[in-house]
Structure formats: C-alpha cells, structure tokens
Amino acid sequence: MASLKLKNNINRLFGEVTIPGDKSISHRSVMFGSIAYGETKVTNFLPGDDCLSTISCFRKLGVIIEESDNQLRIIGNGFEGLTEPDGVLDVGNSGTTIRLLMGILAGRPFFSTLVGDESIGKRPMTRVTGPLTSMGAWLDGRKDGAFTPISIRGGQLNPFHYELPVASAQVKSALILAGLQAEGESTIIEPAETRDHTERMIRQFGGDINKDNKVITVKGGQRLTASTIHVPGDISSAAFFLVAGAVIPGSEIVLKNVGLNPTRTGIIEVLKKMGADLEIVQKDDNSFEPAGDFIIKTSNLKGIVVEGDIIPKLIDEIPIIALLATQAEGKTVIKDAEELKVKETNRIDTVVNELRKLGASIEATNDGMIIYGKSNLNGGRVSSHGDHRIGMMLSIAALLCINNVELEQSEAISVSYPNFFAHLNSLIH
C-alpha cells in the first residue's frame with residue numbers, strides 16, 4: 001500500500017486542466033455497447049481501475065472490446081450474444097459494475113458468479129438481488145444474497161412495478177437493464193431523482209424509455225443498435241479542482257469539457273450558494289450528454305445547509321464539500337446523506353475522522369455531518385482507507401496545511417482518476 005508525502009502550504013493554483021472522462025458514462029458505454037447490435041465506438045473513455053474492471057467482465061462474457069488511447073471499439077451481438085463465463089467475474093472496487101451487471105445477467109439463461117475486493121464484500125446487495133429475484137431470476141450470496149460472492153442463474157423475467165426504498169442510480173439502472181429483458185412493461189418509481197445516464201444511454205442506442213417525474217417505464221424485448229459515444233469530463237472529478245480553486249488564495253483554474261448533466265450538478269448549486277466565484281461556459285452541441293468549461297477563482301465562502309432532493313445530485317461530492325465547508329465562514333450542515341455509509345467506505349465517519357486529524361472542526365451525525373468554519377488546517381498522517389474520493393479530498397486538503405501531510409493508500413485514487421497528481425502538480429505555482 002502506497003504512502004505519499006503530499007504538497008502543502010502552496011502559493012496558488014493557476015492554469016488549465018482537461019478533466020478525464022466521466023466514470024458513470026464510461027461504465028455504461030461498455031455495457032450498452034456490449035448488449036447492442038453492431039460496432040460501438042467510444043472516445044474519451046476513462047481508463048480508471050473501475051472502468052477497466054467493467055471491460056474485463058464483458059470480455060469474459062464473450063464480447064470483443066478493443067482499447068487504444070482512451071478509445072474503445074466494442075462489437076456487440078445483443079443480450080443474446082453474451083455467453084456463460086468460464087470463471088468468476090471480478091468487479092474489483094466497482095459498485096457500478098457489480099450492481100448494473102446483476103441487472104443484465106438476471107435475464108441471461110446461464111450461470112455466473114460475481115466477486116469484488118474487500119470493500120465490495122461489505123457493500124449491501126440485497127437492494128438489487130431482492131427485486132431481481134422477484135422478477136424470476138435466481139440469485140444467492142453470503143447472508144441470503146446480501147453480500148458477495150453473488151451467484152446468478154438468469155432466465156425468463158417477469159415485468160414488475162417497484163418503488164425504490166432508497167434513491168440510488170445504481171439500483172435503478174440494474175432494474176432498468178433487467179426490465180429491458182422482461183416480457184412486458186416494467187415501472188420503477190424513485191423517491192428522489194438520481195443521475196439519469198442509463199436513461200440517456202438507452203435513447204442514444206435507439207431504445208425507448210419513458211420518464212414522468214420520478215416514474216420510469218421501460219418495455220422489454222427492445223433491440224438496441226450500436227452508437228458512437230463521446231464521454232464528457234467527469235464532474236465528480238472536476239469537483240476536487242473546483243474546491244481547490246475556490247479555497248486556495250490567489251487561484252484561478254479553467255476546467256475543460258466537464259459534463260453538465262442536470263442530475264449531477266449539485267456541486268455547482270452548492271458552490272454558488274456558498275458564494276463561489278464560478279463561471280460556466282456551456283458548449284452548444286448535439287451531444288446526448290451536455291458539457292461545458294468551468295472557470296473557478298478564489299472565493300469568500302459562507303456556510304449553508306445541504307439537504308433534501310439535492311443530495312442524490314452530489315452524493316459523490318460530499319467528501320470534498322466537507323473540505324470546502326472548513327474554509328467557509330460559519331456553520332455548514334449536511335443532512336439526508338445516509339447513503340454515504342454504504343459507499344467504498346462509511347464516508348460520513350471516514351471524512352470526519354480524517355479531516356479532524358488535520359485540525360478541522362467537524363462532527364458526524366446519523367445522516368451527515370456538521371462543519372464549523374473557518375478552520376486552519378495543520379497537517380499529519382491520513383489515509384484514504386482505499387476510497388478514491390477520500391484520497392483526492394485529502395490531497396486537496398494538504399494544499400491548505402501548514403505542516404507536512406502523508407497520505408496512506410494513495411493508490412486508491414487510480415480507481416477514477418489515474419492522472420490526478422500530474423494534473424494537480426501542473427496547477428501549483
């Protein structure tokens with residue numbers, strides 16, 4: 001496990017970064033290219049560990065996937081083209097891979113087993129295995145299907161009407177992918193709107209899906225056709241530089257080609273509400289996923305309350321929002337974020353504990369955290385705990401620290417942003 005001495009107490013950040021491809025869209029481009037008919041081409045694919053796990057799994061399912069310079073060529077033969085794997089399907093650290101893949105495999109008439117790393121082994125799977133079993137698939141795993149390894153024998157699926165107990169894009173997407181294979185029309189109801197990359201991807205591949213407020217309707221038996229996908233930059237990755245630019249004195253950063261999907265822009269709403277000096281230049285193109293350039297400058301920030309329906313739109317950005325709040329005047333309260341407890345780590349406890357080591361005034365609550373600003377950060381020895389977003393958040397925090405910071409398990413960052421440190425160092429002046 002790598003331990004890394006981080007740069008600290010810098011003068012300013014200045015320059016331009018082209019954000020790597022969106023992780024959620026990269027995952028789905030591989031999946032939909034594999035279940036569509038024909039040759040799909042993908043550009044600006046994110047070659048992070050999680051997305052490479054998705055490629056590996058679909059190759060084991062018989063799909064031809066060629067990879068070169070962040071571009072993919074995928075030869076799909078529909079759902080029917082997937083074949084029984086010879087060995088287990090290892091998803092690594094990727095919750096998106098395992099949950100969406102369960103939805104696809106639930107409709108396939110063969111046996112497969114899904115495993116992952118230690119973190120995946122602790123993440124709850126009943127929220128997916130339960131409804132898929134009710135559709136007619138056979139799934140089992142440790143603790144009655146609650147944890148990996150998960151074994152699946154799929155087959156003929158019945159249409160279903162299901163109300164999601166939690167707002168989760170992964171669970172929703174798994175059920176949509178199963179619904180595409182069911183005999184009839186299925187309905188999924190969300191408690192709050194979540195990221196809609198799966199719905200957009202279905203339309204991009206020539207499929208049909210209806211969304212009326214929080215009610216999603218999908219028909220089974222659809223034939224998807226190959227497409228060309230350009231993956232915009234990942235706003236969840238951009239968030240670390242947005243916060244860095246806002247809190248490091250004398251900074252100005254330009255972030256190029258960042259995704260602006262309205263179900264993902266909670267971080268922008270929070271920054272603006274806190275008083276950030278942020279400008280967005282949206283690209284006017286016909287892409288199925290909107291994108292634009294961001295300009296962020298050092299800002300005078302104030303504490304706010306973050307709660308309610310905005311939480312699913314920024315769930316992955318809460319660790320870096322917590323750091324942002326340490327540099328704002330007054331108190332920031334984050335509520336309704338229980339889902340953080342079942343991410344790569346329990347992100348509520350991990351964020352609080354690690355920022356406290358650096359001198360932040362922060363406390364955990366049952367569904368979020370309370371941060372008191374403005375804090376002077378000192379330094380010390382911290383850990384990502386194997387969570388890529390915690391690792392990147394702590395790397396940005398180190399820039400504010402007076403004393404040295406050493407990050408344990410820094411290798412976790414490659415899950416979603418292999419070039420993170422190279423990009424960060426290019427901005428330091």
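Q: Is Asp 144 buried or exposed?
A: This is a predicted model, in which local features need pLDDT of at least 70, side-chain atom pairs count only at pLDDT 80 or more, and totals for chains, interfaces and linings use all residues. Residues are numbered from 1 along each chain as its sequence is written, and side-chain values use heavy atoms, leaving out hydrogens and water. Buried means under 20% relative accessible area, exposed over 50%, and partly exposed in between (1.4 Å probe, protein chains only). The relative accessibility of Asp 144 is 77%, so Asp 144 counts as exposed.

Q: Which helix holds Asp 144?
A: Helices (H or I, at least four residues) and strands (E, at least two) are DSSP runs numbered from the N terminus. Asp 144 is not a glycine, yet its phi is positive, near 60°. It belongs to the helix of residues 142–145, which is α5.

Q: Where does Asn 44 lie?
A: Asn 44 also has a positive phi, about 60°, although it is not a glycine. Its place is the loop between β3 (37–43) and α2 (49–60).

Q: What is omega for the peptide bond from Gly 373 to Lys 374?
A: Lys 374 is in the loop between β21 (368–373) and β22 (380–383). The bond that joins Gly 373 to Lys 374 is cis, with omega near 5°.

Q: Which strand contains Pro 149?
A: Thr 148 and Pro 149 are joined by a cis peptide bond with omega about 0°. Pro 149 is part of the strand of residues 147–153, which is β9.

Q: What percentage of contacts between residues at least 6 apart in sequence join residues at least 24 apart?
A: Contact means heavy atoms within 4.5 Å. Of the 429 residues in the chain, 60% are buried. Among contacts between residues at least 6 apart, those joining residues at least 24 apart make up 76%.

Q: Is Leu 13 buried or exposed?
A: Leu 13 is in the loop between β1 (3–6) and β2. Leaving aside neighbours within four places in sequence, it is in contact with residues including Ala 244, Ile 248, Ile 253, Leu 399 and Leu 427. Its relative accessibility is 0%, so Leu 13 counts as buried.

Q: Which residues of helix α13 are buried?
A: Helix α13 covers residues 420–427, and its buried residues are Phe 420, Leu 424 and Leu 427. They cover an arc of only 60° around the axis (taken from the directions from the helix axis to the C-beta atoms), which puts them on the same side of α13. An α-helix has 3.6 residues a turn, so residues three or four places apart point the same way. The elements that cover these residues include β2 (14–18), α8 (235–247), β15 (252–259) and α12; the buried residues are Phe 420, Leu 424 and Leu 427.

Q: How much space lies in the largest pocket?
A: On a 1 Å grid over the protein atoms alone, a cavity is a set of points where a 1.4 Å probe fits but cannot get out, while a pocket is an open set with protein on both sides within 12 Å along at least five of seven lines; lining residues have an atom within 4 Å of a point. Grid points are joined across faces, edges and corners, and a volume is the space filled by probe spheres set on the points. The pocket lining has 39 residues, with Ala 167, Ser 168, Ile 315, Glu 339 and Lys 343 nearest the centre. The space in the largest pocket is about 650 Å³.

Q: How many residues of the lining of the largest pocket are charged?
A: Ala, Val, Leu, Ile, Met, Phe, Trp, Tyr, Cys and Pro count as nonpolar, Asp, Glu, Lys and Arg as charged, and the others, Gly among them, as polar. At least two lining residues come from each of α1 (23–35), α3 (95–105), α6 (169–179) and α12 (388–400). The lining has 11 nonpolar and nine polar residues, and the number charged is 19.

Q: What is the volume of the largest cavity?
A: The whole structure has one cavity of 30 Å³ or more. Its lining divides into four nonpolar, four polar and three charged residues, among them Asp 22, His 197, Arg 264 and Glu 289. The volume is about 30 Å³.
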